[in-house]
Amino acid sequence: MGLFDFVKDAGEKILDAFAGNAHAQGTAIEDSLKKQGIPGADKVKVEVNGDKAVVTGEGLTQEEKEKILVAAGNIKGISSVDDKVVTDAPAANESDYYTVKSGDTLSAISKSVYGDANQYNKIFEANKPMLSHPDKIYPGQKLRIPQ
């Protein structure tokens, strides 16, 4: 559990229509997580306080939790996600995180992290369904980097 930082001006634009209505913004993020098909999304609640999303829930795996936190943070207008999610098992293999910079590719990130550009699919799979294609990443986006 903890606080994760994100780039506030990067990501999907789903909160603009609900400016000033924190409850509706939280519901919009919950709906977005479910729409993306992220496993476990039906087990969490999201509250928005300014530019911070607070995610609560229980009964998730570590992978489900990480995917939900990253997807919630990669929404334009959210600069941090407060993790209040309880997993089924202790976090033995927590992922690392990487913020995409201009010019990055999954292959380049893989080369930098694993020493092998051909491991890019490992990063892609760890970030599905948030990522729909290995070439569709953008600066400011935060990605899960599995061990």
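Predicted model: local features only at pLDDT ≥ 70, side-chain atom pairs only at ≥ 80, totals over all residues.
The UniProt record, an unreviewed entry, assigns "domain: BON" to residues 21-89. This span is 38% helix and 33% strand in the model, and its end C-alpha atoms are separated by 35 Å. The annotation "domain: LysM", also from an unreviewed entry, is listed for residues 96-145.

The largest pocket holds about 210 Å³ of space. Its lining takes at least three residues from domain 1 (2-87) and at least three from domain 2 (96-145). Among the lining residues are Glu-12, Gln-36, Ala-71 and Asn-74. The lining also includes Pro-129, Met-130, Leu-131 and Ser-132, together with Lys-136, Tyr-138 and Gln-141. Sorted by class, five of the lining residues are nonpolar, four are polar and two are charged.

Side chains of opposite charge can pair when their charged atoms come close. Seven salt bridges were found in a search of the whole structure. One of these is formed by Arg-144 and Glu-66, whose closest N and O atoms are 2.9 Å apart. Arg-144 and Glu-66 are both buried.

A salt bridge also links Lys-84 and Asp-82, with a distance of 3.7 Å between the closest N and O atoms. Asp-82 has a relative accessible area of 14% and is therefore classed as buried, the cut-off being under 20%. Lys-84 has a relative accessible area of 40%, so this residue is partly exposed.

In the salt bridge between Lys-128 and Glu-125, the closest N and O atoms lie 3.6 Å apart. Lys-128 counts as partly exposed because its relative accessibility is 33%. Glu-125 is likewise partly exposed, at 37% relative accessibility.

Conventions
Residues numbered from 1 in each chain as written. Heavy atoms only, no water. UniProt positions renumbered as here; feature names shortened; annotations may be inferred. Helix = DSSP H or I, 4+ residues; strand = E, 2+ residues; numbered from the N terminus. 1 Å grid on protein atoms, 1.4 Å probe; cavity = no way out; pocket = protein on both sides within 12 Å on 5 of 7 lines; lining within 4 Å. Points joined across faces, edges and corners; volume = space filled by probe spheres on them. Nonpolar A, V, L, I, M, F, W, Y, C, P; charged D, E, K, R; others polar. Domains from an automatic or database assignment. Salt bridge = Lys/Arg side-chain N within 4 Å of Asp/Glu carboxyl O. Buried < 20%, exposed > 50% of the residue type's maximum accessible area, 1.4 Å probe, protein only.
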